[in-house]
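Student: I have a model open and would like to go through its fold with you. Could we begin with the sheet and then move on to the helices?

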Amino acid sequence: MTTLTVNGTRHTLDIEPDTPLLWVLRDQLNLTGTKYGCGIAQCGACTVHVGGQAMRACVTPLSAVQDQEVTTIEGLSDDGLSHPLQVAWREIDVPQCGYCQPGQIMAAAALLASNPSPNEGDIASSMNNLCRCGAYVRIRQAIVNAASTQSQNQSQNQGPGETS
Ligand code: FES
Ligand code: FES
């Protein structure tokens, strides 16, 4: 048995421990937002968060996420719409075919969680997910916009006189 938490829900699964997390998410838990692209950790279509870190679910065995917190695109925000990246993605109309986009957003979310104000170099070095449609310019712009929104939200939440 393997126990893990996915998007806040705990699951105990009787599945072969070497089963890739991607197939557990898609086939067992019906979380099909995470996509299969290459299956060899190259494209990033399967990116999810494990313990807050971006991971490629196609090459992550179920045994590696025992007792871990997994977040998929379905759990990035409570309503599926309101994460600053989701807002920026819509504003700029980032996707073309859309297939790579859940993985792109999850990679970007891990970046902003660890580096709330990434510069162009930071974005270029950490965003290595592939997009066959070539939406890279819009993806990078959306990350910049989301970082700005996130920073404004934090300033408003802190209120006057507070610093961090
Ligand atoms: S499907 Fe996992 S990296 Fe391509
Ligand atoms: S939007 Fe089509 S592969 Fe990225």
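Tutor: Two strands pair if DSSP finds at least two bridges between them, and strands (E, at least two residues) and helices (H or I, at least four) are DSSP runs numbered from the N terminus. This is a predicted model, in which local features need pLDDT of at least 70, side-chain atom pairs count only at pLDDT 80 or more, and totals for chains, interfaces and linings use all residues. Residues are numbered from 1 along each chain as its sequence is written, while chains are lettered from A and ligands numbered from 1 in the order in which they are written.

Student: In which sense do β1 and β2 pair, and over how many bridges?

Tutor: Strand β1 (residues 2–6) and β2 run antiparallel, joined by five bridges. Thr5, for example, has Arg10 of β2 as its bridge partner. The hairpin has two residues between the strands, and Asn7 there adopts a positive phi near 50°.

Student: What is the strand order of the sheet?

Tutor: The order is β2-β1-β5-β3-β4, in an open sheet of five strands with mixed pairing. β2 and β4 (53–56) are the edge strands, each pairing on one side only. From one strand to the next the twist averages 35°; angles run from 0 to 180 degrees between N-to-C directions, with axes fitted to C-alpha atoms, for helices over the stretch in contact.

Student: And β1 with β5, parallel or antiparallel?

Tutor: Parallel: β1 and strand β5 (residues 69–71) share two bridges. Val6 has Val70 of β5 as its bridge partner.

Student: How many residues of β2 are buried?

Tutor: The count is zero among the five residues of β2 (residues 9–13). A residue is buried if 20 or more other C-beta atoms, placed from the backbone, lie within 10 Å of its own, exposed if 12 or fewer, and partly exposed in between.

Student: Turning to α3, why does Gly103 count as buried?

Tutor: Gly103, which sits in helix α3, counts as buried because it has 26 C-beta neighbours inside 10 Å. Its C-alpha atom is separated by 7.0 Å from that of Val48, 55 residues apart along the chain.

Student: At what angle does α3 pack against α5?

Tutor: Helix α3 (residues 101–114) and helix α5 (residues 136–158) pack at about 40°, their axes 11 Å apart. α3 is therefore oblique to α5; angles under 35 degrees count as roughly parallel, over 145 as roughly antiparallel, 65 to 115 as roughly perpendicular and the rest as oblique.
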